[in-house]
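Dear colleague,

I am passing on the structure that we spoke about, and my notes follow below it. Please read them with the model open beside you.

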Amino acid sequence: MELSIGWLYPNLMSTYGDRGNVICLQRRCQWRDIQVTIVPLDRETPSETFQQVDIIVGGGAQDRQQEIVMRDLKGEKAFALQQTLNNDTPGVFTCGSPQLLGHYYEPALGQKIEGLGLLDMVSKHPGIDAPRCIGNVVFEITAKPLATELETIWGDRPIVIGFENHGGRTYLKTVQHLGKVITGYGNNGEDGMEGAFYHNAIATYSHGPLLAKNPFITDWLLKKALENKYQKEITLSKLDDSLAIAARKAMLQRLDLSKII
Ligand code: GLN
């Protein structure tokens with residue numbers, strides 16, 4: 001079997017280490033003898049390519065880079081990306097990229113950046129004097145049917161351990177939340193919710209260690225992508241996740257949350 005991973009603007013949207021998510025997807029394919037190709041979805045990339053990949057990964061970026069990306073993404077590329085996600089291609093979008101999938105992002109300085117409007121939500125930076133939302137974040141995925149599918153893969157509650165670093169605050173309208181915050185800020189530090197879930201697209205403020213510390217999400221993305229591509233049910237072989245499990249335990253201990261899992 002083979003899969004292609006489309007990586008949104010790797011040069012402009014890799015400020016926060018989200019290439020870690022790409023590496024995790026790639027390695028977990030290779031360990032299972034699944035051929036994998038990484039396809040940059042960049043300024044030079046024709047819009048058709050945005051529709052030809054099996055998984056999409058989008059990382060975080062600084063406000064300035066987000067604005068450049070959004071200018072490039074307008075028109076045919078925006079349409080292609082929308083079609084891809086509406087056709088249930090799985091994806092993971094972190095921080096700056098979900099802000100671009102919403103209606104708009106209002107930076108602290110400069111003009112409002114119009115987004116794709118695919119996710120019914122808006123993001124605003126409250127101003128340069130407002131504190132950034134930085135630190136470890138733990139949340140439980142509650143979105144349907146994702147939560148149940150992840151629980152089946154992992155054999156336990158889908159508790160995500162991550163790290164966030166954002167100035168923008170996101171407010172959801174009709175799109176469903178990805179999960180409920182246990183510790184950390186999440187979407188806006190006010191409503192106790194984190195991320196968004198749309199078709200098979202996961203939008204989150206949790207950065208590049210996301211797929212390393214939460215291998216069940218990586219396997220869910222791979223399973224969905226293979227099922228879409230090969231039109232049959234896929235059961236992925238088990239991998240040795242003992243290092244990820246140890247990292248999760250250590251983090252929960254540090255956060256005084258050992259009892260939750
Ligand atoms: N520029 C956005 C913010 O500060 C995104 C940051 C990021 O991607 N980490 O909210």
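In the largest nonpolar core, which has 67 residues, the members that touch the most others are Ile5, Leu25 and Ile55; such a core is a set of buried Ala, Val, Leu, Ile, Met, Phe, Trp, Tyr and Cys residues joined through C-beta atoms within 7 Å. A residue is called buried if 20 or more other C-beta atoms lie within 10 Å of its own, exposed if 12 or fewer, and partly exposed in between, with C-beta atoms placed from the backbone. Helix H7 (residues 215–230) contributes the most to this core, with seven residues; helices (H or I, at least four residues) and strands (E, at least two) are DSSP runs, numbered from the N terminus.

Please keep in mind that this is a predicted model, in which local features need pLDDT of at least 70 and side-chain atom pairs count only at pLDDT 80 or more, while totals for chains, interfaces and linings use all residues. Residues are numbered from 1 along each chain as its sequence is written.

Arg132 is listed by UniProt under "binding site" in an unreviewed entry, in the numbering used here, with feature names shortened and annotations that may be inferred rather than shown by experiment. Arg132 lies in the loop between strand E7 (121–124) and strand E8 (133–141), and counts as exposed because it has 12 C-beta neighbours inside 10 Å. Leaving out residues up to four places away in sequence, Arg132 touches Asn165, His166 and Gly167, where contact means C-beta atoms, placed from the backbone, within 7 Å.

With best wishes

Conventions. Contact = placed C-beta atoms within 7 Å.
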